[in-house]
Amino acid sequence: MSFPALDMNPDFKVEVHTTHNRGFTPEEIAERCATKIISISDSANPAIQAQAHAFRQHMVKVLEFYMHEAIKSDRTTVYNAILDSGNPELAELIRRL
Amino acid sequence: MAFNGNFMCTSFKKELLYGVHDFDNSSGDTFKIALYTNSATFTAATTAYTTGNEVSGTGYTAGGGALTNVDPTSSGTTALTDFVDETFSNATITARGALIYNTTPNTTSITVSNPTVVVLDFGADKASTSGDFTIVFPTPDASNAIIRIA
C-alpha cells in the first residue's frame with residue numbers, strides 16, 4: 001500500500017487499554033510487552049508465521065513468570081518498609097495481597 | 001464537534017524543516033500527550049496545545065503526561081521514531097482522543113508555544129475508573145510507526 005511520504009499510515013491506530021478498580025495484571029502487560037518485542041508480518045511465509053507465533057506465546061509465558069516474580073519481590077520490599085514504619089497490620093494486609 | 005481520524009499536523013511537517021523538534025531520547029525535547037473529550041475538534045490544521053475540551057479527573061493533570069522519546073532510527077529507506085507507551089495511573093477519566101505536542105521546541109524559527117505533532121483519535125470514548133489508562137503506540141516499524149519519513 002502506498003501513502004504519503006510524511007504522513008500517518010491510513011491504517012494507523014493507537015490502542016488504549018484501561019482498567020476499572022484495579023491495575024493491569026502481569027498477563028495483560030506480558031501480552032503488550034510481547035507485541036512490542038515481536039511483530040509478525042501478515043505476508044510472511046505461513047510456516048515462519050506459525051513458528052513466530054509459537055515463539056511469541058513462549059515469550060508471553062516467560063514474561064508473565066518474571067513479572068509475577070518482580071511483583072512478589074517488590075511486595076516484600078513494601079511489606080518491610082511499612083513494617084519498619086510501625087504499621088504491622090497494614091504490612092500484613094500488603095503481604096496477603 | 002468530534003474527533004475525525006488521526007492526523008500528522010501540517011505545521012509539524014513544516015517545523016521539521018525548520019529544525020524545531022528533537023526526538024532524541026536523552027537530549028531531545030519534552031513531548032507531552034494531552035487527552036480530550038469528543039467535543040474537541042482537531043484536524044491536520046491544529047497547530048498548538050489547547051486546554052479547551054481537555055479531560056479532567058482523578059489521576060490526570062491539565063497538560064497531560066510527559067512522553068519518553070525513543071531515539072529516531074531507520075528501516076530500509078524509511079526514518080522513524082516512537083514513544084514509550086504512556087500510562088495514567090489510578091485514573092478516573094474518559095477520553096476520546098489526544099494531542100501530542102512539544103513543550104520545549106527550538107523557537108529560533110517559530111513563535112507558537114507548545115506546537116502540536118499529531119492528533120490521535122481513539123475511535124471511541126475510552127474510560128478508566130480508579131485504574132490505569134494506557135496509550136499503546138503501534139509497532140515502531142517502517143509501515144506503522146507513529147512518525148515516519150519514507
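Q: What does buried area mean when two chains sit together?
A: Buried area is the accessible area that two parts lose on being put together, summed over both. In this predicted model, chain B and chain A bury about 2,400 Å² between them, with 55% of it on carbon and sulfur atoms. Three residues stand out on the chain B side: B:D132, B:V136 and B:R148 supply 22% of the area that chain B buries against chain A, more than any other three residues.

Q: How many residues of each chain are in contact?
A: Counting contacts is another way to look at an interface. Here 35 residues of chain B are in contact with 24 residues of chain A.

Q: Which polar links and salt bridges cross between the chains?
A: Look for pairs that reach from one chain to the other. There are 14 residue pairs in polar contact between chain B and chain A, counting those with both residues at pLDDT 80 or more. The rule also finds 4 salt bridges across the interface.

Q: Which elements of chain B supply the side that touches chain A?
A: β1, α1 (10–17), β5 (78–83), β7 and β8 (147–149) of chain B each give at least two residues to that side. The largest share, 16 residues, comes from β7(B). Sorted by class, the side of chain B that touches chain A has 18 nonpolar, 10 polar and 7 charged residues.

Q: Where does a strand of chain A pair with chain B?
A: To read strand pairing, follow the bridges from one strand to its partner. Strand β1 of chain A (residues 15–18) pairs with strand β7 of chain B (residues 116–136) in the antiparallel sense, over 4 bridges. On that pairing, A:T18 has B:F133 as its bridge partner, and A:V16 stands opposite B:I135.

Q: What else pairs with β7(B) inside chain B?
A: Strand β6 does: 12 bridges join β6(B) to β7(B), which run antiparallel. There, B:E86 has B:I135 as its bridge partner.

Q: Is strand β2 of chain B mostly covered or mostly open, and what are its partners?
A: Strand β2(B), residues 31–36, is mostly covered, with 5 of its 6 residues buried. It pairs antiparallel with β6(B) (residues 86–102) over 6 bridges, where B:F31 partners B:N102. Another 2 bridges join β2(B) to strand β3 of chain B (residues 65–66), again antiparallel, and B:I33 partners B:G65 there.

Methods
Residues are numbered from 1 along each chain as its sequence is written. Chains are lettered from A and ligands numbered from 1 in the order in which they are written. This is a predicted model: local features need pLDDT of at least 70, side-chain atom pairs count only at pLDDT 80 or more; totals for chains, interfaces and linings use all residues. Side-chain values use heavy atoms; hydrogens and water are left out. Buried means under 20% relative accessible area, exposed over 50%, partly exposed in between (1.4 Å probe, protein chains only). Two strands pair if DSSP finds at least two bridges between them. Contact means heavy atoms within 4.5 Å. Buried area is the accessible area (1.4 Å probe) that two parts lose on being put together, summed over both. A salt bridge is a side-chain nitrogen of Lys or Arg within 4 Å of a carboxyl oxygen of Asp or Glu. A polar contact is a pair of N or O atoms within 3.5 Å; within protein, one must be able to donate a hydrogen and the other to accept it, and residues adjacent in sequence count only if both atoms are side-chain atoms. Ala, Val, Leu, Ile, Met, Phe, Trp, Tyr, Cys and Pro count as nonpolar, Asp, Glu, Lys and Arg as charged, and the others, Gly among them, as polar.
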